[in-house]
Amino acid sequence: MNRSTLSSLVLTFFILTACQHTATKAPVNKAAKSNSQKVLDAEILGLVLNPTIFDHHYIRVRGYLHIGQEQNVLYDDKYDYDKSIQENALWIDTTTLKSKFPNFKWFSAKYVLIEGKFDARNANDAGRCAGKLTDIKKIEFWAPAK
């Protein structure tokens, strides 16, 4: 084997190795990043009926928010709030709301879209709510369809 053929083989080997490494490395990193940040769309009544499906996952849910002295609850709708039906509601942990959203009380008595981590087991002290939202990542006003 002459010197030029050997050089060509070595160069081809390095090029193929570099291409293979680049092709396999990028998709793995993208997949890992997207799985860790995945937010599931949910409805409060769906969480009530199937809490284990969403347990310890980040969810996006809409509802009527009430923030008070002893009660921080996201109800399915205003009717449930008016009738105090907490079985169809989520307890909201305001710890992250206070730090990330200093004016979080503006959202009280309004319909909101909220993203956070769902915990089906630890609702609140009274235990009447269907679950708890912690580590709130996003909250915004939302207008329900009429």
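These legends go with a set of close-up views of a predicted model.

Residues are numbered from 1 along each chain as its sequence is written. Because this is a predicted model, local features need pLDDT of at least 70 and side-chain atom pairs count only at pLDDT 80 or more, while totals for chains, interfaces and linings use all residues; side-chain values use heavy atoms, with hydrogens and water left out.

**View 1. The whole chain, before we zoom in.**
The protein has five helices and six strands, where helices (H or I, at least four residues) and strands (E, at least two) are DSSP runs numbered from the N terminus. Followed along the sequence, they give the pattern α-β-α-α-β-β-α-β-α-β-β. Of the 146 residues, 32% count as buried; buried means under 20% relative accessible area, exposed over 50%, and partly exposed in between (1.4 Å probe, protein chains only). The accessible surface comes to about 9700 Å², and 55% of this belongs to carbon and sulfur atoms; such areas come from the Shrake-Rupley method with a 1.4 Å probe, and for residues only the protein chains shown count as cover. Contacts here are heavy atoms within 4.5 Å. Among contacts between residues at least 6 apart in sequence, 57% join residues at least 24 apart.

The average pLDDT is 79, and 71% of the residues score at least 70; pLDDT is the predictor's confidence in each residue, from 0 to 100.

**View 2. Strand β5 with its partners β2 and β6.**
Here β5 sits with a strand pairing on each count: β2 and β5 pair in the antiparallel sense over eight bridges, and β5 and β6 (residues 131-141) also pair in the antiparallel sense, over seven bridges. Two strands pair if DSSP finds at least two bridges between them. β5 is mostly covered, with seven of its 10 residues buried.

Valine 112 belongs to strand β5 (residues 110-119) and stands opposite phenylalanine 141 in β6. Is valine 112 buried or exposed? Valine 112 is buried, because its relative accessible area is 0%. Leaving aside neighbours within four places in sequence, valine 112 is in contact with residues including Val61, Leu65, Leu74, Phe107, Ile139 and Trp142. Leucine 65 is 47 residues away along the chain, yet the C-alpha atoms of leucine 65 and valine 112 are separated by 6.6 Å.

**View 3. The salt bridge between arginine 60 and aspartate 41.**
A salt bridge is a side-chain nitrogen of Lys or Arg within 4 Å of a carboxyl oxygen of Asp or Glu, and by this rule the count comes to eight. In the one shown here, the closest N and O atoms of arginine 60 and aspartate 41 are 2.6 Å apart. The pair links distant parts of the chain, with arginine 60 in β2 (residues 58-67) and aspartate 41 in β1 (residues 39-41), 19 residues apart. Arginine 60 is partly exposed at 22% relative accessible area, whereas aspartate 41 is exposed at 54%. Asp41, Arg60 and Glu115 are linked in a network of salt bridges.

**View 4. Two further salt bridges.**
Lysine 78 forms a salt bridge with aspartate 82, their closest N and O atoms being 3.0 Å apart. These two are separated by about one helical turn, because they are four residues apart in helix α4 (residues 78-82). Glutamate 140 and lysine 138 form another, with closest N and O atoms 3.7 Å apart. Glutamate 140 is partly exposed at 34% relative accessibility, and lysine 138 is partly exposed at 32%.

**View 5. Two loop residues with positive phi.**
Most residues other than glycine have a negative phi. Histidine 56, in the loop between α3 (51-54) and β2, has a positive phi of about 65° although it is not a glycine. Serine 84, in the loop between α4 and β4 (89-92), also has a positive phi, near 55°. Histidine 56 is partly exposed at 44% relative accessible area, and serine 84 is partly exposed at 40% relative accessibility.
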